Amino acid sequence: MYEKITPPSTGEKITFNNGEPTVPDNPIIPFIRGDGTGIDIWPAAQKVFDAAVDVAYKGKRKISWFKIYAGDEACELYGTYQYLPQDTLTAIQEYGIAIKGPLTTPVGGGIRSLNVALRQIFDLYACVRPCRYYAGTPSPHKNPEKLDVIVYRENTEDIYLGIEWRQGSEIGDRLIKYLNTELIPATPEHGKKQIPLDSGIGIKPISKTASQRLVRRAIKHALQLPKHKQMVTLVHKGNIMKYTEGAFRDWGYELATSEFRQQCITERESWILSNKEKNPNITTQENARMVDPGFDALTTEKQAQIVKEVETVLNSIWDTHGNGKWQDKVMVNDRIADSIFQQIQTRPDEYSILATMNLNGDYLSDAAAAIVGGLGMGPGANIGDECAIFEATHGTAPKHAGLDRINPGSVILSGVMMLEYLGWQEAADLIKKGIGDAIANREVTYDLARLMEPPVEPLKCSEFAEAIIKHFS
């Protein structure tokens, strides 16, 4: 089955049932060391994982690690441009899980991004990026501890599908001509718009299927959180891109109010119910006016739509969600993408899970990570219904490779996510405690040490791992 690698002789496979993993006590987990600083951070991270599992379960559980290859290290073993060999794809497919360090973006070889390729090959449609603060971590914000969010980023479409044509290419020119002469004039709402002839062209597909399965997973996660954190915010730019980003919002609400009707309440529904709770005699029109402050300036047709919305909500969910019962449901709301960048800084404690499309999620997850200490402390997971890959979210930083100085926090915290995914919460909690205590004790690598006041003597990458383990007890 494999050309150049051999699975471990001990351990069992993880299996999947309806998108959920069934995990043995000795799972085989493939790992990709990573390029550049992967040579330093992976050994440190693996040492932490093994120690946490051992302390938590005292030998009753153990991970059997299976080394597989991608990136520059794969080219060294398999040959030039073999950035993602078939052995690696076969192993991930067979064992259903993997964890990896950072990978080089290939130059040549036909693969734009190894990370994107893995997500698309295994249909890892949910990129999950938790951003929480560990006390003592240097931050540019006054109150970084207020931010505790999880970004659920759709992983398989949007502009990351990579369908585009270079300016001046034959197909690109043909497409522009066809759009300008046939399709745009045939759509009255586009008026006399024309695409400049010297444009590059990219396609931005947003599908109902991909949008709703992402929101479904986000809502399921919200249901596992403490009551005060049970909120899913749909992030979009639907005020401009109505049929892609606006559709993402609409499909998200549709899923929440159909598939999760008993568990969810939308923000507008909560306003309608709350208005009636405060004033049982309120008329439908008065309620509609309170829901939409600009009600009186709207057209008669639009006013009628809002009145109908109020009537529908009260008739359909008052018995199940009214009289305050909605306050125990998962709140589903939406925010414009540019606004949410401001609000995670000015009102961070108002948000919990942010469900986004691919590009918005890319920006937003990095921005949120910056608030709580940067990408060195940012974990990530890419999850599908039959596979999951956990990864460091930063780059390879080749100038630091082999110096035993880089922060292994990102891949260690990604391992925390992996342990939680396996259901091994006790081991995950040990690592979170160890990292928190190490940082609070100012035992950190150079990236954090130089930002502390006063600066402290930095630990090596390997020493930081040892400090984490020391704080398990």
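Visitor: What makes a stretch of this chain count as a helix or a strand, and how many of each are there?

Guide: Helices are DSSP runs of H or I with at least four residues and strands are DSSP runs of E with at least two, both numbered from the N terminus; by that definition the protein has 16 helices and 15 strands. This is a predicted model, in which local features need pLDDT of at least 70 and side-chain atom pairs count only at pLDDT 80 or more, while totals for chains, interfaces and linings use all residues. Residues are numbered from 1 along each chain as its sequence is written, and side-chain values use heavy atoms, with hydrogens and water left out.

Visitor: What share of the contacts joins residues at least 24 apart?

Guide: Contact means heavy atoms within 4.5 Å, and among contacts between residues at least 6 apart in sequence, 74% join residues at least 24 apart.

Visitor: Why is Ser113 called buried, and what does UniProt say about that residue?

Guide: Buried means under 20% relative accessible area, exposed over 50% and partly exposed in between, with a 1.4 Å probe and protein chains only. Ser113 has a relative accessible area of 19%, so Ser113 counts as buried; by the same definition, buried residues make up 52% of the 473 residues. Ser113 sits in the loop between strand E5 (97-100) and helix H4 (114-121). An unreviewed UniProt entry annotates Ser113 as "modified residue: Phosphoserine", and the feature "binding site", also from an unreviewed entry, is placed at Ser113, Asn115, Arg119, Arg129 and Arg153. UniProt positions are given in the numbering used here, feature names are shortened, and annotations may be inferred rather than shown by experiment.

Visitor: How do you know that Thr244 is buried or exposed?

Guide: Thr244 has a relative accessible area of 18%, so Thr244 falls on the buried side of the cut-off. Thr244 lies in the loop between strand E10 (231-236) and helix H7 (245-258), and, leaving aside neighbours within four places in sequence, Thr244 is in contact with Lys204, Ile206 and Met357.

Visitor: What makes Asn18 exposed, and what is its phi?

Guide: The relative accessibility of Asn18 is 75%, so Asn18 counts as exposed. Asn18, in the loop between strand E1 (15-17) and strand E2 (20-22), has a positive phi of about 55 degrees although it is not a glycine.

Visitor: Which residues lie in the loop between strand E15 and helix H13, and why is His400 called buried?

Guide: Asp404 is found in the loop between strand E15 (388-392) and helix H13 (409-422), and His400 is found in the loop between E15 and H13. Asp404 has a positive phi of about 55 degrees although it is not a glycine. His400 has a relative accessible area of 11%, so His400 is buried. Leaving aside neighbours within four places in sequence, His400 is in contact with Thr37, Asp40, Arg405, Ile406 and Tyr446.
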